[in-house]
Every structure is written in C-alpha cells, then in structure tokens.
Amino acid sequence: MGEQTQIQAKPETQTPPQSLPDSDSTLVSNSPVDLPPNPSNPSKIPIRPQKIRKLSSTPSSKTPQTTTSSATPASTKSRRKSAPKSSSRVLPQIIKPLSANGEIDNALLHLRSADPLLGSLIDTLPVPQFESHHSPFLALSKSILYQQLAYKAGTSIYTRFVSLCGGEDAVCPDVVLSLSAQQLKQIGVSGRKASYLYDLANKYKNGILCDDALVKMDDKSLFTMLSMVKGIGSWSVHMFMIFSLHRPDVLPVSDLGVRKGVQLLYGLEELPRPSQMEHLCEKWRPYRSAGAWYMWRFVEGKGTPTTAAAAIDAGNVQPLQQIQTGQETQQHQLQLLEPINGIGNLGACIWSQ
C-alpha cells in the first residue's frame with residue numbers, strides 16, 4: 001500500500017511541471033487566482049490552453065485561405081462583368097451602321113451639337129445616303145478595277161468584268177480565279193490589276209478573308225486584314241468601310257476631298273495633315289463618316305477643279321482619292337502606303353452603286 005501511494009503521488013507532483021509549456025507560463029503567473037489549492041487540479045490546467053490553442057489555431061490558419069479563395073472569384077466576377085461593358089461600346093459600330101433605321105438622324109443630331117460650324121453646313125445640304133448593299137468581295141473587286149481610271153473608263157471595264165463572270169451575283173473567288181490573265185486583259189484589266197484580283201480571291205479561298213468575318217470585324221482588325229491584300233491601301237479600306245459596310249466612325253485622312261473640306265470649313269491656310277485632321281475632327285466622333293460625307297459635298301459645292309472634283313451620281317457624293325503632284329505626291333504615298341493614285345471622277349461611285 002505504501003508503494004502504491006508513492007507511485008500515485010509521483011504523477012501528481014511531476015505532471016504539472018512537465019505538461020506546462022513555456023508559452024503558457026506567463027498566463028499562469030499572471031492569473032494566480034485561477035489556480036485552486038487542490039493539488040489534483042494543476043494536472044488539468046495545461047490541457048485547457050492546449051485545447052484553446054487548437055481551436056484558435058484552426059480558424060486562424062483557415063481564415064487567410066477562406067479570404068483568398070473568396071477574393072479570387074470576386075475579382076474574376078468583376079473582370080467578367082467589365083468585359084461586356086467594353087465590348088458593348090464597340091458593337092453599335094457594327095450592329096447599327098449608318099444605313100440602319102434612325103442612325104442618320106442620330107448622326108446629324110450629334111454633329112450639329114458637337115460642331116456649330118458643321119451644323120450650319122448640314123442645314124444647307126441634303127441628308128447623307130448610304131444604300132449600297134454589294135457583298136464585300138464584289139465591292140473590293142470593284143475598287144481594284146476602278147484604280148487609276150476615270151469614272152467612265154472604270155465603269156466600262158467593270159461592266160465587262162461582271163459580264164465575263166456571269167453577273168454581279170456570280171462574282172466570287174472561284175469564278176475570279178477561273179479567269180485567265182488573257183481574258184482579263186481582253187476586257188481592259190492590266191496585268192497588275194489582275195494580280196490584285198487573284199490575290200484577293202486567293203485570300204478568300206484560303207480562309208484568310210470571308211464576307212461574314214469582314215462584316216463582323218471591328219474597324220482596327222478590318223483595316224489590318226484588308227491592308228494585306230495587294231492593291232488595297234488605306235484609302236481603299238476607308239472607302240470600303242464607309243460605303244460598303246456603312247461604318248459610322250471612319251475618317252479618311254488621306255482623301256483630298258475631305259482634307260479640302262476641313263480646310264474650307266475651318267478657314268485654314270493650307271491643307272491639314274492627317275494628324276491635324278484627327279485633331280480637328282475628333283469632336284465628330286462617333287459619326288466621323290457622316291462628317292466626311294459633308295466635306296465631299298461641301299467641296300463639290302465650291303466647284304473644285306476637274307482633276308480633284310467630287311463627282312455626284314444619283315444624289316450620292318463621290319469622294320476623291322489623293323491627287324498630288326511632284327515631290328509631295330511621292331512623300332504622301334510613302335507615308336500612307338497607298339499603292340495607287342486616284343483620278344478625279346473616281347471616288348465612292350464605285351462603292352455606292
């Protein structure tokens with residue numbers, strides 16, 4: 001019995017110092033009232049802090065994980081919510097072209113309020129018309145055929161080209177590629193223009209371009225893709241965007257008629273450079289295409305020379321390609337990377353018909 005009593009007494013006297021951790025020693029010393037006089041209770045004291053530490057450490061270790069995991073979906077959701085807002089700002093340029101119902105009225109309302117000088121001009125001129133509904137491939141082919149030709153000569157060649165293909169509805173990449181260079185030469189198409197037509201048709205056939213994709217592309221992508229086609233430069237792309245796709249916010253800074261119109265509208269001493277055009281016409285956004293249309297009509301009404309005249313056909317304005325002489329022409333061509341020079345009565349008649 002004596003030995004058993006000693007054996008039981010040892011755990012009671014030795015357990016408290018062994019189980020008390022160093023981290024809890026200050027807690028015990030700071031709260032002596034919590035220590036009961038009964039020697040059997042001290043053995044239970046270390047157990048409570050251990051349980052408390054386990055419970056307190058569990059949520060503290062999970063709290064950052066919970067916070068991090070909950071923050072990630074929140075940021076992801078905010079990004080997803082912001083994406084449609086930015087895309088919705090671009091869609092109206094594609095979904096609502098100038099030929100859409102009511103868009104011309106919206107454009108004129110904006111231009112009148114944004115630019116009083118242009119507003120006064122709008123009141124003296126007819127309402128713009130954007131009614132061409134040619135397929136993109138046909139419109140681009142037509143623009144190539146009219147390059148460097150007077151309007152009547154271009155119309156004659158285009159008519160024979162359409163007849164050779166079997167009608168406007170039959171003009172497609174496969175039909176164009178089936179025509180030989182000799183056949184095209186017989187109707188007045190030069191070898192260089194024939195290579196342009198073949199390059200355009202091949203890009204369609206290889207899937208690089210297609211009508212549906214061009215219609216749905218944003219303006220920047222459209223400019224990039226069409227500029228890869230031989231014979232199609234900045235002026236041609238701008239005309240295609242305005243008169244074939246009816247995009248509302250296109251400013252053809254390389255067109256002589258638009259530049260001359262801006263010069264007359266704002267009383268400038270010289271033709272504005274492209275960078276100056278961008279600055280002066282910034283207030284026209286998002287309807288710069290309609291503003292450009294009025295610049296062509298404005299210049300036509302002023303009676304420009306025949307070599308730089310805006311030809312009017314069936315009430316539709318015909319914009320001018322860049323026409324300059326001497327050293328200025330070479331510098332301008334290098335700057336704009338436009339593969340062709342225009343002739344006076346060319347313009348948007350090739351797009352609006």
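This is a predicted model: local features need pLDDT of at least 70, side-chain atom pairs count only at pLDDT 80 or more; totals for chains, interfaces and linings use all residues.
**A helix pair**

Two packed helices are described by the angle between their axes and the distance between the axes. Take helix 13, residues 234-243, and helix 16, residues 288-302. They pack at an angle of about 105°, and their axes lie 11 Å apart. Helix 13 is therefore roughly perpendicular to helix 16, because angles from 65 to 115 degrees count as roughly perpendicular.

Which residues in helix 13 meet helix 16? They are M239, I242 and F243. On the side of helix 16, the partners are S289, W293 and W296. Sorted by class, this contact has five nonpolar residues and one polar residue. It has no charged residues.

**Salt bridges**

How many salt bridges does the count come to? The count is seven. Three of the pairs are set out here.

| Salt bridge | Closest N and O atoms |
|---|---|
| D199 and K203 | 3.0 Å |
| R285 and D249 | 3.1 Å |

Start with D199 and K203, which form a salt bridge. Both sit in helix 10, residues 191-205. They are four residues apart, so about one helical turn separates them. D199 is buried, with a relative accessible area of 14%. K203 is buried as well, at 13%. Both count as buried because the cut-off is under 20%.

Now turn to R285 and D249, joined by a salt bridge. This pair links distant parts of the chain, 36 residues apart. R285 lies in the loop between helix 15 (274-280) and helix 16. D249 lies in the loop between helix 13 and helix 14 (256-266). Is R285 buried or partly exposed? R285 is partly exposed, with a relative accessible area of 34%. D249, at 8% relative accessibility, counts as buried.

E278 is partly exposed, with a relative accessible area of 31%. R288 is buried, at 7%.

**A network**

Which residues are linked in a network of salt bridges? They are D249, E278, E282, R285 and R288. Among them are R285 and D249, the pair that links two loops.

Terms used:
Residues are numbered from 1 along each chain as its sequence is written. Side-chain values use heavy atoms; hydrogens and water are left out. Axes are lines fitted to C-alpha atoms, for helices over the stretch in contact, and angles run from 0 to 180 degrees between N-to-C directions. Angles under 35 degrees count as roughly parallel, over 145 as roughly antiparallel, 65 to 115 as roughly perpendicular and the rest as oblique. Contact means heavy atoms within 4.5 Å. Ala, Val, Leu, Ile, Met, Phe, Trp, Tyr, Cys and Pro count as nonpolar, Asp, Glu, Lys and Arg as charged, and the others, Gly among them, as polar. A salt bridge is a side-chain nitrogen of Lys or Arg within 4 Å of a carboxyl oxygen of Asp or Glu. Buried means under 20% relative accessible area, exposed over 50%, partly exposed in between (1.4 Å probe, protein chains only).
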